[in-house]
Amino acid sequence: MPAVGNSVARKDGIGKATGAALYADDLSFPGMIHGRTIRSTVPKGIIKSIKFDFDTTGFTIVDFRDVPAKNAVDLMSQDQPFLAEKEVKHMAEPIVLLAHPDKEKLLAAKVVIEYEEQEPLFDPERSTESFKTINIVKGDVESGLAGADIIVEGTYRTGHQEHVYIEPNGVIAVPEEGGIAIHGSVQCPFYVIKALRCLLGSAHPNVRVIQTETGGGFGGKEEYPSMIAGHAVMLAIKSGRPVKIIYDRTEDMIATTKRHPSIVKHRTGVMRDGRIVGMDIDVIMDGGAYVTLSPTVLSRGCIHAAGPYRCDNTRIRGRAVFTNTPPNGAFRGFGAPQTLFAVEAHVDRVAEAIGMDPVEFRRMNALRPGDVTATGQTLKEDSSAIMVLDEAVRRTDFMRKRKEFKGTNRAIGLSLFFHGAGFTGAGELNLKSRARIDLTPTGVRIAVGSTEIGQGTRTMHAQIVTDALGIPYETVEVMQPDTSRVADSGPTVASRTCMVVGKILEECAYEMKEKLAGLSPADYYRKNGEMSVERMYTPPDWIKWDDAAYRGDAYATFGWGCDVAELTIDPDTYEVRIDKLTAVQEFGRPIHPALARGQIEGGTAQGLGYALLENVVMKNGAMANAQLTNYVIPTTLDIGEIDVVMLENPYPGGPFGAKGLGELPMDGPAPAVVNALRHFGLDVREIPATPERISTSAAA
Amino acid sequence: MRIGLTELNLRSAATLDEALEILRDEPRRPVAGATDVYVALNFGTTTDRKFLDIWALDELRGISASGDSIVIGALTTYTDLLRSREIQQRLPMLAAASQLVGGAQIQNRGTIGGNVANASPAGDSLPVLFVAEAVIVARSVEGERRIPIREFYTGYRKSVLRQDELIVSVEIPPVTGRQAFRKVGTRAAQAISKVAFAGVRGPEGPRLSYGSVGPTVVRVPMTEQALASGAGIDEAAKVLATEIKPIDDVRSTGEYRMRVAANLLRWFWKETAQPQH
Amino acid sequence: MNFKLNGATVNVAANPAARLLDVIREECHLTGTKEGCGEGECGACTVLVDGAPVCSCIIPVGQVAGAEVTTIEGLGGDHPLQKLFMNEVGAQCGICTPGMIMAAMTLSDKPTLDEIKVTLAGNLCRCTGYGAIYRAVLKWRGMPVPDEAGSAATA
């Protein structure tokens, strides 16, 4: 029986279920002390004075003057300091670090910072500073709109979303022979290395990052751990001792990144027969106070902004702007959930405007193989919009329910979406990801920096290597990511860990198989000793991308999905109960069906939270509801049945036909829910569609 | 931010008398199931540092009858309440409210006395106690005070309870008429209420109470009076709008709370229109 | 003070006001019980006290004097539900899993899906959407699992 395609035993072992798995806060090192971050309490201002209102004996205190080389978190830009120097640009910006062996004393230490406050900017529409602008042009949008029978306009808004990985952020910096080791809850160990090299310079060349068991990420542990690691390292250097920094929930919510809020404006020209002839789209994303990953979030958002539809005349303009709020960052879907919400909510309005059924309208306009996307990419045979749409409509008996629910408190709506897998455009080419397989006395060991954060990296990689090598699954080990020992397989983001890293591993395995020349790994090892195969990723040669013009093949392939939301609206309280969410998704081929199903169910649940519940309340530039009591995510009782359908349409460039999957399920629930609310008669154009917003819409 | 342990002093009492003596000698905040107190400590939102652990006082546990009334010991948990046949039969609205308090972990620790003492306008059991016209029994070394719940609260998180007093029980006189409870929370489970409603429709007219629409849980006597004297539901809803002034906070808006409060009134009036079988 | 931890009597020196969670993790060195929120909201710190699930992050250790406390380590290493949580992918990242399993210990012998949902409503999971958790629990109790399919079709 092949490993791929079967739900084989997971490589995680039993530890997660017995409590034996070790997360960052479970680790302790001899002489370890605890670190704490003192943060700004104004959204914009100049630091006037810092006073230590406690007995500082025994404390390690670090500020920007302790930075060994460069005070900048090296990511896309180097604009964000590890520790503010003179000015602060957002609430909860790190200014001073304290460490002490006694947690109690650390908590009690009082630091008083005086500021000269300045007028903050919170409204992204009023911001004049853009981190990135994007202009995608296909055909001539003005002439397209001019020839339309009807033009439908609309503005759609999405709020911040907090990741709420159940394990808050945490790292430990441990001085070791000749260098420093960082153990932490991180998605991208090599991002941390890059940031630390910039921070530390040549004085401390030997740093390594070891990923501890990680209690969820969802993008939230992509970039911010670099900041925390830098803090822990500076405290460790100054104190000469291991330093642990674990955020509590409130600090994690107030200080770390969130999904970018967005404002998306649509102007769509349509003919009475249903053809879309012009799409003019304007996207604003609120980046917060520093660049972080905003340019690429905007990029992915814009590329997905026209939805999975054909249109010869399309213009997508986007900007990611500065505001005096904590920087926003990566979150599962990475800009696409925002713009796909907008276009899918808009498409139902367009269909309504011409009196057409939303399913028929989508079927008429959906992208098919051979069609050309907004960036000019010609889609290949692995494009499945019609397949997922038809299956979702059939499986849910959509057309009948659409009629039957009219006039009741029940409603049904759907969304059609796609998600590009892997880095955008030339991203994978530039990334030059590497993967390695080592021979062991009993089999092989996978050595990649890709992290297991719950999604099944270890297992899925081992399955691919097992079948490519043709050896027993049990003989394949997966190394814990330690940047001093594993190959840099690129960040664990962008739905690339299976499709891209899995592909390199598959190629490594084939090469190794050839070198084994018919021997088993154990026999070869006994005879010839160690052997490793390391390879670099080569994207498909047909991918052409012009980053200046924003034209070309944005992604090697896309996953496709159609979600159908069936819900009941409480007429007294405007609460929405999800009765059933049917998620029909095509992502090439599932490597491990049970893990894949878990990705879809879990992403769908996050999408339902995004649609209905998860409301970050910002006051004076800070999250005002930074507790799990007041920022609520779905419980068992908030999610109805999730019916998952996994369709296959293999991508030839992926391992065993697999595409990326992690983010796709996040894109569909919010527009499906809002379209169901429209079916009920409510015009909601902003998420989360809280009962408060729905009641206002109902009263209007 | 979390309050350091070294600052905290938790003293434990083995008997009620001992507890009352301790409270006589120095102010200490009583801790029952700790579900409110320890959240406040973890978030650093309380200035209290001295506490009296009363969890071991088994004499304050249990549900019993006293004449026509039900006497609920202060340490009776939500789990106890929702499992009690007495409560299910005579005060289904209290069972319903208990079921909606947090998850099992909180229901196992949260107590009715703690809910009353915490004096939150979002206290889940409180609207029920208001329409049931419960009497809060507080004891000190000097003796016992019986305080009707309508006289118990004086403002946001303030009550008439003295520092030397401990709530020992909640007495609930017989309730006649149809009972209803609705909690509108931030989600379906583990939620703090945005609006809570309890109503009893009895022979002497309706009793109506709301939570989370003001600084304390309230009865709405003018609205009750309007309905009792035969006003239509639309008119009663108008009276209600003059009687409560809900505000915006991180959980909801005043506008929403007002609209839902009126809707729940209509819902209640319709649901209870038929006499109980 | 003394209490029973996973069957053995332990004597701890902690301030009675210390959180039970911290005593279990730091003084008793059992780190299977996790802290997710510090407000009794997420259930990651769920342990059983005299058989009832409670959030150990909001309980002073003084209140378990003489009581029987069971943590995930108390189930040993090969409890059938532990295996099912892995096989059914009820555990993804795993951080909520110990608390989730402890809460599930209080289910009746033949729980319905609704009963499972109510029993686990105090335990947040951000990874799974709960579906796989229900499947693990239902299989453990020998109950039928609805919609085993998740049907795969091919283009």
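Predicted model: local features only at pLDDT ≥ 70, side-chain atom pairs only at ≥ 80, totals over all residues.

1. Residues are numbered from 1 along each chain as its sequence is written, and chains are lettered from A and ligands numbered from 1 in the order in which they are written.

2. Strand β15 of chain A (residues 314-322) is mostly covered, with 8 of its 9 residues buried; here a residue is buried if 20 or more other C-beta atoms lie within 10 Å of its own, exposed if 12 or fewer, and partly exposed in between, with C-beta atoms placed from the backbone. Helices (H or I, at least four residues) and strands (E, at least two) are DSSP runs, numbered from the N terminus.

3. Two strands pair if DSSP finds at least two bridges between them. Strand β7 of chain A (residues 130-138) runs antiparallel to β15(A) and is joined to it by 8 bridges, and A:Asn135 stands opposite A:Arg317 of β15(A). Strand β14 of chain A (residues 276-288) pairs with β15(A) in the parallel sense over 9 bridges, with A:Ile281 having A:Ile316 in β15(A) as its bridge partner. From β14(A) the chain passes through helix α7 of chain A (residues 294-303) to β15(A), in a β-α-β crossover that is right-handed (with the strands pointing away from the viewer, the path from the first strand over the helix to the second runs clockwise).

4. How do α7(A) and helix α8 of chain A (residues 336-353) pack? Their axes are 7 Å apart, at an angle of about 30°, where axes are lines fitted to C-alpha atoms, for helices over the stretch in contact, and angles run from 0 to 180 degrees between N-to-C directions. The two helices, α7(A) and α8(A), are therefore roughly parallel to each other, since angles under 35 degrees count as roughly parallel, over 145 as roughly antiparallel, 65 to 115 as roughly perpendicular and the rest as oblique. In this packing A:Arg300, A:Gly301 and A:Cys302 of α7(A) meet A:Ala336, A:Gln338 and A:Thr339 of α8(A), a contact being two residues whose C-beta atoms, placed from the backbone, lie within 7 Å.

5. Chain A also has an open sheet of 4 strands, in the order β19-β18-β17-β20, with mixed pairing. Its edge strands, each pairing on one side only, are β19 (476-478) and β20 (532-536) of chain A, and the twist averages 20° from one strand to the next. Strand β18 of chain A (residues 444-447) runs parallel to β19(A), joined by 3 bridges, and A:Val444 has A:Val476 in β19(A) as its bridge partner. Helix α13 of chain A (residues 457-469) packs on the sheet and touches β17 (434-439), β18 and β19 of chain A, its direction making about 150° with that of β19(A).

6. The contact between chains A and C takes 51 residues from chain A and 46 residues from chain C. On the side of chain A that touches chain C, the largest share, 9 residues, comes from α16(A).

7. In chain B, B:Ala95 is found in helix α5 (residues 92-99) and is buried, with 22 other C-beta atoms within 10 Å. B:Ala95 and B:Leu81 are 14 residues apart in sequence and 6.1 Å apart in space, C-alpha to C-alpha.
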